[in-house]
Amino acid sequence: MRRSTAWVIFTICCVVFGALFLVPLGMVLSGGFIVNGRFTLQYLAGVFQNPIYAEGLLNSLKIAVGTTTIVTFIAVPLAWLSNRFEFAGKKLFSGLVLVPMILPPFVGAIGFQQMFGQYGVVNSLFQLGPIDWLGQSRYFGVVALQALGLYPIMYLNVLAALANIDPAMEEAAENLGCHGFRKFWRITMPLMMPGLFAGGTLTFIWSFTELGTPLIMNYTRCAPVQVFDALKEIGTNPFPYALVVVMLATSCLLYAAGKLVLGGKAYAMQSKAATTAGSVKLTGLRNLLVLAPFVVVTGVALLPHFGVLLTSISQPGAWYQSVLPQEVTLDNFREALGHGMTVSSIRNSLLYSSLAVLVNIVLGVAIAFVVVRSDLRVRGLLDGLAMLPLAVPGLVMAFGYLAISSYFGNLAWVKESRFWQSILDVRTNPTLFLVIAYAVRRLPYMVRSAVAGLQQTSVSLEEASANLGATQWTTLRRITLPLIAANLVAGVLLAFSFSMLEVSDSLMLAQRADFFPITKTIYELFQLIGTGKYIAAALGVWAMVFLAVTIIGASLILGKKMGQLFRVG
Amino acid sequence: MFRNLSVLLVAAVVVALPFLLRPPAQTEQGRAADPVLSIISPHNEAIRFEFGSAFSAWHRQHHGSPVKIDWLNVGGTTEISRYLASEYVAAMRAWWRAQGNPWPAGAADELMATTPGKFADLHAAFRAVDDPAKVTARIDLFFGGGEYDHTRAFQQGMTVPPWPAGQGPAEFHYPARISGELWRSATMFGTTVSTFGICYNRDRLRDLGVSTPPTSWADLTDPIYFGQVGVADPTKSGSIAKAFEMIIHQQCHEAVRAAGFADAQVEEWERAGKDFPPAYEAAIAQGWLNGLRLVQLIGANARYFTDSASKVPIDVSTGDAAVGLAIDFYARFQAQASKDAAGNERMVYVTPVGGSSVSCDPISLMRGAPNREVAVRFIEFCLSEQGQRLWVYRPGTPGGPRKYALRRLPIREDFYQATEEHLPFVADPIQDPTVNPYSLAQGFVYRSRWTSRLFNAQRDLVRAMCLDSADELRDAWRAIIEHGGPSKNPGAMAALQKMPDRPAPLAWGTVRDIMRKHDRLTYMRQWTDGFRDNYRQAQQLAEAAR
């Protein structure tokens with residue numbers, strides 16, 4: 001990439017990212033440093049002076065390390081098995097293995113409780129008595145639950161990386177006498193390192209900043225819960241913003257350290273894998289042996305989803321001290337899907353998420369190009385910046401976007417124009433801000449996927465295209481994007497699914513029922529006293545089914561193409 | 001091909017289902033010229049639906065046109081407070097600058113401060129303007145939340161009186177204050193009331209071996225409930241903080257009575273407001289400490305402190321917590337929704353008589369309300385008998401809600417004086433003294449000097465004592481329970497219940513001084529450190545006593 005082109009893309013990316021992310025973030029976080037018009041570091045110092053916050057950061061770090069370790073041990077073998085073998089059930093489980101990441105908000109916690117609660121399914125099924133799974137072993141509970149929800153991220157990235165490996169490399173290794181685990185460790189592992197790094201960093205930073213699971217497990221002494229508690233505290237308190245800054249800085253440091261240790265070891269290949277020559281077809285017992293880990297992992301990871309599903313068909317109060325609901329009904333679905341807010345919220349969610357993914361593709365690929373294909377000294381800065389949205393609590397970003405919308409909403413030219421109000425004022429129409437919020441918060445998935453793809457693709461292929469007279473645009477369209485398609489599909493699936501399930505921004509920015517996305521409608525139904533959780537679970541099941549059909553359907557419709565992308569065909 | 005078509009068909013069915021099940025529009029279809037009322041509210045969909053449709057019908061009947069309610073929903077009261085502040089700051093900044101005035105650094109903080117500071121002119125100018133053409137959040141009403149949030153919104157200048165002084169309704173039919181709770185002020189008007197009590201799961205109690213269900217706050221300190229008490233978080237809700245204040249207040253009453261002071265004598269001293277006998281002050285101080293220690297032991301038994309008002313009763317109804325501190329209507333509703341097949345309630349709710357305040361859910365008019373006239377009518381509707389019925393009547397009854405039972409208690413006293421008229425239609429037994437808020441409030445005499453000045457201190461103390469030190473508190477309490485319980489571990493209990501010495505010895509008489517002399521970061525850190533040290537010492541003492 002020419003330096004001038006790199007500088008142009010770098011500048012545009014920085015300006016866009018700055019306007020969409022850093023400005024709203026800065027507006028909110030400045031509250032931790034500018035108090036009553038005066039700059040102060042008092043609150044930042046407070047984070048380090050009070051030992052419970054240092055312990056909170058340390059505990060979050062432990063959670064991230066534990067989760068990433070388990071995720072690696074779950075996802076890498078599964079991805080490797082999926083890449084290397086052809087076996088009955090592979091197509092189904094290649095789709096199902098991704099479903100754990102689409103647990104809908106609010107009712108997801110109910111699903112956990114129905115399964116692992118004192119009168120839940122596990123205790124009832126094995127007649128264990130009221131064992132308090134959720135009240136004890138809080139750290140291990142958090143790590144296990146997070147790992148079961150996050151391994152699809154690692155799985156997708158590693159699978160894409162394995163699919164990109166040229167089989168000739170491993171064949172060459174075997175010809176030279178390198179077999180078995182040694183071959184995996186010396187050849188496969190370094191070649192798939194970009195995918196492993198992408199999945200690892202996403203998992204690590206996600207679990208470092210994850211709020212929902214520690215709240216479910218009542219594990220309160222960790223940084224995200226401490227930020228949440230301080231943000232929700234009545235009255236004004238500058239402290240949580242200082243704590244967010246420390247969390248952000250810690251995430252950056254951890255990311256930089258990870259990159260230093262792992263991220264630098266990327267080996268591009270002259271050619272990408274174009275055949276499935278490495279796949280071994282399995283039958284009989286060997287088929288079962290390979291299928292078994294998929295069944296076990298998916299089965300355990302989907303327990304909360306079953307909890308939500310069974311809650312959705314249960315009569316209120318009829319699933320208690322029993323393995324299954326004692327009385328079932330479809331009324332919850334009738335009430336949820338027939339509710340006045342539901343149809344518009346589905347339409348809205350599809351619109352917001354699709355637009356956000358489009359923004360993600362453009363911005364993500366552009367950032368990845370600068371990071372991987374340029375020699376700018378500052379490219380690492382852009383790489384690090386693009387990861388920041390993972391580390392910022394959703395509530396903080398939502399407050400930032402609201403402040404910006406309030407600012408625009410009070411400008412004379414906006415007040416006088418219905419058109420500008422519908423663009424810039426969340427009260428009139430929050431579409432722009434919701435799309436921005438979704439896109440920014442999901443950008444890291446696309447950037448990491450695209451970076452991993454580009455790292456595995458030799459630049460000489462693009463140079464050859466240029467030598468043959470193709471323009472940069474033609475090279476991008478005809479050479480580069482097809483070569484990194486698997487990685488982009490992985491990024492799109494993650495970004496779209498997580499956008500459909502986005503909570504914090506949706507709750508605050510979508511203020512009127514006409515603009516509610518599906519997550520806010522789930523929240524609204526959940527608030528109905530008595531029957532709320534059953535009705536919300538029904539809508540949550542709809543969302544899960546929709547996303548599952550999207551993911552599995554995409555894999556089936558793309559057929560061989562998808563198979564080639566991920567080696568699942 | 002067939003596979004692709006099947007996938008598309010499944011996807012089409014999934015997407016089409018909600019469209020097929022969509023009901024015809026249930027709300028009254030209005031015209032473009034009909035008035036629009038913008039209401040910000042944490043109330044749930046059921047309340048919004050019932051009040052929206054009933055008011056629109058009422059307005060059409062009395063004023064000739066239906067009203068479209070533009071409900072704004074930005075989350076809970078914390079989010080609403082921040083959102084409103086952000087909207088008013090942006091509006092005021094635009095208007096202030098348009099007048100040619102500078103907007104200095106710190107102006108936003110000053111605007112929302114409850115007292116004027118160095119930009120007193122700005123502070124006063126904001127509170128003097130009530131014109132939607134100048135400064136407005138484009139919202140007419142703030143409906144729901146707690147008295148704390150509405151009073152604070154008023155102190156921040158965001159709400160205004162609906163009626164000029166002396167021109168409001170002749171009769172509100174309910175008192176402005178009751179049992180220490182503010183129900184009505186010049187800008188804020190309670191529309192419904194609720195109490196705070198205990199809910200418990202009968203099966204879990206039986207499993208735990210509890211023979212007598214809990215009926216008082218002190219019952220929740222029993223070690224048998226270790227890890228089984230669901231608690232609403234007083235640091236995140238003014239209403240819950242008020243409920244905790246009442247727990248402490250009740251202990252003050254008991255200590256004063258135990259010290260031999262008669263109610264009449266206490267009444268006389270408090271009315272005079274000076275020359276309090278040292279022994280009387282010492283009794284209050286002891287009661288206050290007892291109250292804190294009671295809260296501390298409830299915290300030691302706590303499974304969690306949650307900001308979600310509905311979580312505790314849901315968890316208790318499913319057996320995921322054995323007992324919980326919950327708001328009455330959530331608990332009653334949940335108890336009914338979780339009955340077994342034979343119709344028996346698995347969960348029971350009790351209000352500790354004399355131990356709970358009765359708080360209100362108010363409504364306030366916003367500064368610069370775009371549709372002030374209709375907004376005031378909405379307030380009048382909420383306070384009318386017709387509006388009051390919506391809270392407690394069963395769906396489909398004459399004057400009742402159309403679709404949802406709201407199961408909240410009306411605020412008007414005359415509603416409870418005419419119970420025969422309402423009994424055939426109400427969802428809850430309003431004549432029952434354990435339900436009737438006026439009966440419950442009578443059991444509680446509130447002395448504001450005892451605890452109301454310490455409202456913020458008590459909130460911070462609960463945070464330092466039970467939330468920020470939760471792990472150490474739980475470990476110490478577990479060690480005490482495992483080594484014979486409180487009675488066998490007096491040394492450990494003394495360490496556990498010791499109050500911090502820094503930044504100054506903590507007591508009823510010193511806490512306000514501590515808060516005045518030290519910034520919040522400092523005293524919170526030192527309190528947390530102090531409690532953690534005490535808890536660790538208690539754990540060591542209990543474990544050493546084996």
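Analyst: Chain B contains 23 helices and 13 strands, where helices (H or I, at least four residues) and strands (E, at least two) are DSSP runs numbered from the N terminus. This is a predicted model, in which local features need pLDDT of at least 70 and side-chain atom pairs count only at pLDDT 80 or more, while totals for chains, interfaces and linings use all residues. Residues are numbered from 1 along each chain as its sequence is written, chains are lettered from A and ligands numbered from 1 in the order in which they are written, and side-chain values use heavy atoms, with hydrogens and water left out.

As to overall form, the C-alpha atoms of chain B occupy a box of roughly 75 × 70 × 65 Å along the principal axes.

In the interior, 59% of the 546 residues of chain B are buried (under 20% relative accessible area, with a 1.4 Å probe and protein chains only). Of the contacts (heavy atoms within 4.5 Å) in chain B between residues at least 6 apart in sequence, 75% join residues at least 24 apart.

Chain B carries 58 positive and 58 negative side chains, with the centres of the two sets 4 Å apart. Here Lys and Arg count as positive and Asp and Glu as negative, with His and the chain ends not counted, and each charge is placed at NZ of Lys, CZ of Arg, CG of Asp or CD of Glu.

Notes: Buried < 20%, exposed > 50% of the residue type's maximum accessible area, 1.4 Å probe, protein only.
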